[in-house]
Every structure is written in structure tokens, then in C-alpha cells.
Amino acid sequence: MASYSTNEFKSGLKVMLEGDPCNIVENEFVKPGKGQAFNRVRLKNLKTGRVWERTFKSGESLEGADVMEADMEYLYADGEYWHFMKTDGSYEQLAADKAAVEDSLPWLKETDKVTVTLWDEVPIAVAPANFVELEVADTDPGLKGDTAQGGTKPATLSTGAVVKVPLFINIGEVIRVDTRTAEYQNRVKQ
Amino acid sequence: MTTATLRSAGSSEVHLENIQVGRQGYLQTSPEYAMKCLLAKHPLSIFQICPAYRGGEIGRRHQMEFQMLEWYRCGYSLAELMSDLQAMLKHVSAQMAEYNIQPIIRINERYSYRELFEKHLKVNPHSVDVTVLAGLVSPEITAHLDEHATLGDYLDAVFSDAIEPRLLAPTIVYDFPACQAALAETKQLKNGDLVSDRFELYVGGIEIANAYQELGDGQELIRRFASNNRQRQLSGKPIIEDDMELLAVIDDLPKCAGIALGIDRLTMALRGLEDIAAV
């Protein structure tokens, strides 16, 4: 894999840092007066999702990381691994471990389309679609006529996720949720 | 007037990366050498707007190619050049008013480098040592400095973190430390401080212009080039051969003050832009 010097750093570039693949979020070139320049870089660790802030001397370099994203369909879980299939026509199947899927588990429904981050062809992260449709598994009984007040109540979805929903939502109904904010969007007519 | 932007010698300034064009020469980091060669032969006040190139400088405030306005006033002191700069900014502001752009107000702040250090950090920059300087800021501010870093590098790092962001209103900073003289004359102040006869203009927390009482002493220039190259060698940077064309005539340089102003950055400041790429 090629290595990249600080002046090639740009947001979206995938590099290795401390053994983990990272995505460069922001790269700021700083040159104090006539002094030595440096780069203040924010990188997102693609395995943990944590954002690191590091300072590099200008001209320093980092190994590139063989990271790519693939559109895949979630198939099933076997208790240890979660299985996904590529939707590019190859039908290639890959298994992801718990660390890779953990963050998206609340939104993962079989046959849903997801984006899988592959590092050296191994899944390291799974991102659900921005909006998913999930069935309400449990919530307090609906209160008719209370819609105008805009009150909310917690509802447990089929995946186990808990989101706030309007009072008129009942068990068995399907709702649309924004996975980035875990917010209820609307009721989906079946 | 215009001068060639491709030159046989580069700049030995330690922290400038020259862009070399094959074996044909270097793209100028500023038109300074070429303009001084002209001044030495024809002692007339001159100006030009031209591109300047600095390798690896890419960021919100930096571009590898940018537009520079550089001018020299024969017989001027730095104080006279400050007034000259003020008049120029006033003129530009008046022109911009037609486009509903908030003009640069007056340069109403003038501080010596020492005053700013004493005001914000309670130390005298002309006598402070590296250990004390490093202790004034958080560790990541000096994290990029290695064992070859000079006092000047530490002063720059501390100044850019603790002082520069506060220079929001148009501010002139003068009497820089002697170790940051670059191509300016040095002088001893009445209080004993040895300083370089330079000033810079800051607007919105960024450096806009840089001015020198120009050094016209060939022997001293050779010493400064050599010192730059020693520092370059320590940091593993390419050695830059002395600019012989400049050295051949520099002793004939008339007394003059010169200034370089970044036009892209001035535009950023005038229009309140966050990114130089938006200029």
C-alpha cells in the first residue's frame, strides 16, 4: 500500500494509525510565522468509530489503508457472526464479528440494505441506511385523540431499539426511523 | 515592472519549501531577490503583483501558489512604510465600499513584539529561554518541534498560539526578535534589546503583510544564508545554494524599506472568508 505525506492528506483518505485503519476527517495546515509547519489532523478510527486528534510534522507520512465500502444485504446471524451478501451481482457472502456490527445492531433487520466497511476484505464496520422501517414490538396502549398535544412515549422495536414515538402508535405498526439520530419519522402504511 | 518568476537559486529560508522545476531552477517563494537586484542597479521605488510559490503549503490560510503585492520605497524608514501601508489599505477600502464589502478599518493598533509577549504571557521574548517558552503553552503546541528546533521556532509556535489569534483588529507588530531577522536589518534598542527591524500586519488573527528595513550588507547576508543552510542540514532538508546574482549587487542596495502583502489573505480579511480557496 502506498504511503501518504501530510500534504496529500485530505478528508476521506484512509490511512493506518497505531495499527488501526482511519479515515481522515479534517486536515489543517498550520505554519506559525516563519516557523516550522505542522498539520493538525482529525482522524476517525474506522474500527472503534472514535475520533482522534493528532499533530504531524509537515512532510511526515502514514501508510495508506486498504479500506473500501461495499453495498450489502444483511442475511442472518448465527449467534457468533452476522452474515452479509454483496449486492453488486457477485452474491459474495462475508461474515462480520460482533465488534463490527455492534453499533448498528439496533437497526439491523434481515434483508435490509447496509453499507459495510471492509479492511483488507474483512468487515470492520456496518452502517445501516439513514432511514429504516421497523415494527413496534412493545409500547403502552395508544391514546386516541391525544395527537394534537404532540406527547411521546417509548416504544421497543423488533430489533430491540427503543425510540420515542407519538402517543397514537400501537404495537404491530411499522414506523420509519432516522438511524443517525434514533428519531421517529412517520408511521408506514402496510 | 515585472520580474521573472523562475530563478536559478531558491530561498534558503529554513521553513520554506522551494518548488524546483527540473534542473531549470526554482519558482520564486517571493519576488524579493529579483526586485532587490533591480533596486541595486536603479534606486527607484518599485512595486509589482506576482505569483509566489511555496511547496506543501495547503490549508485554510495557505495555497501553494498565491498572489503577492511587493513594494520597495527608497529612502524610507519602517515608520514611513507603515503610513504608506495605511494609505494603501484606505484606498483599497474606499474602492471596495462600492461593492458593499466591509472595508478594513484603520490600523489603530501598533505593538512591539515584546509588548505583546509581556501583555499576554508576562515574559520578555528577547531574554526568555526555550524551556520557559514551552511551559507557556499546552504540550501539543510544541509537539512538532524536535531537538533541532531553534529559539525562533519556539517563539513562532508560542506567538501563533497565544498571541496571533487575538490580533483581530488591524494590528501592526514591530521589533521582532533578532533571531527572526530573515533579510531585515537588526538594531539595538535603548533598553538593550537586540531586535530585527521588521513589522507585520495582522487582520482577523492572520498575517497579511511582512515588512523589512532591508539589509544591504553582503557579508552579513552570506552569514545568514550559511546559518539557514546549517539549520536545513540538521533537519535533513535540501541545501540551497547562495543566490550569487543577489550577492553580487547587494552592497549597492540603496537604503530602503520593503513589504510583501498576501492579496488572497487581504481579500479573506476584507470579505470575512474562512477559507482562502473561497477567494
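Analyst: Let's start with a term: a polar contact is a pair of N or O atoms within 3.5 Å, where within protein one must be able to donate a hydrogen and the other to accept it. Please keep in mind that this is a predicted model.

User: Thanks! How many residue pairs are in polar contact across the interface of chain B and chain A?

Analyst: The rule finds 6 such residue pairs between chain B and chain A, with both residues at pLDDT 80 or more. Two elements of chain B, helix 5 (151-163) and strand 10 (206-213), each supply at least two residues of the side that touches chain A. Helix 5 of chain B gives the most, with 4 residues. By residue type, that side of chain B divides into 6 nonpolar, 7 polar and 9 charged residues.

User: What area do chain B and chain A bury between them?

Analyst: About 1,700 Å² is buried between the two chains, and 53% of it is on carbon and sulfur atoms. On the chain B side, the residues that lose the most area to chain A are His15(B), His144(B) and Asp156(B), together 33% of what that side buries. In terms of contacts, 13 residues of chain A meet 22 residues of chain B.

User: How many salt bridges are there between chain B and chain A?

Analyst: The general idea comes first: side chains of opposite charge can pair when their charged atoms come close. Between chain B and chain A the count is 2 salt bridges. One of the salt bridges joins Asp146(B) to Lys57(A), at 3.2 Å from N to O. Arg60(B) also forms a salt bridge with Glu28(A), with 3.3 Å between the closest N and O atoms. This pair crosses from the loop between strand 4 (46-53) and strand 5 of chain B, where Arg60(B) sits, to strand 3 of chain A, which holds Glu28(A).

User: Are Arg60(B) and Glu28(A) buried or exposed?

Analyst: They fall in separate classes. Arg60(B) is partly exposed at a relative accessible area of 33%, whereas Glu28(A) counts as buried at 12%.

User: Where do Glu214(B) and Lys36(B) lie?

Analyst: This is a salt bridge within chain B, with the closest N and O atoms of Glu214(B) and Lys36(B) 2.6 Å apart. Glu214(B) lies in the loop between strand 10 and helix 6 (218-234), and Lys36(B) in helix 1 (residues 32-41), so the pair ties together parts of chain B that are 178 residues apart in sequence. Glu214(B) is buried, with a relative accessible area of 4%, and Lys36(B) is buried at 2%. Shared partners also make a network of salt bridges, joining Glu28(A), Arg60(B) and Glu274(B). Over all chains, the count comes to 24 salt bridges.

User: Now for rings. How many aromatic pairs are there over all chains?

Analyst: A pair of aromatic rings is described by the distance of the centres and the angle of the planes. Over all chains the count is 8 aromatic pairs. Among them, Phe9(A) and Phe56(A) are edge-to-face, with 5.9 Å from centre to centre and 90° between the planes. Phe9(A) is in the loop between strand 1 (3-5) and strand 2 (14-17) of chain A, while Phe56(A) is in strand 5 (residues 51-57) of chain A, so the pair links parts 47 residues apart in sequence. Phe9(A) is buried at 5% relative accessible area, and Phe56(A) is buried at 7%. In chain B, ring pairs link Tyr113(B), Phe117(B), Phe159(B), Phe176(B) and Tyr202(B) into a cluster.

User: Last one, on the backbone: what is phi of Glu18(A)?

Analyst: Phi of Glu18(A) is near 50°, a positive value in a residue other than glycine. Glu18(A) lies in the loop between strand 2 and strand 3 (20-30) of chain A, and Glu18(A) counts as exposed at 58% relative accessibility. Thr111(A), a residue other than glycine, has a positive phi near 75°. Thr111(A) is in the loop between helix 1 (98-101) and strand 10 (113-119) of chain A, and is exposed at 52%.

Technical notes:
Residues numbered from 1 in each chain as written. Chains lettered and ligands numbered in written order. Predicted model: local features only at pLDDT ≥ 70, side-chain atom pairs only at ≥ 80, totals over all residues. Heavy atoms only, no water. Contact = heavy atoms within 4.5 Å. Buried area = accessible area lost by both parts, 1.4 Å probe. Salt bridge = Lys/Arg side-chain N within 4 Å of Asp/Glu carboxyl O. Polar contact = N/O pair within 3.5 Å; in protein donor to acceptor, adjacent residues only side chain to side chain. Nonpolar A, V, L, I, M, F, W, Y, C, P; charged D, E, K, R; others polar. Phe/Tyr/Trp six-rings, centres within 6.5 Å; stacked < 30°, edge-to-face > 60°. Buried < 20%, exposed > 50% of the residue type's maximum accessible area, 1.4 Å probe, protein only.
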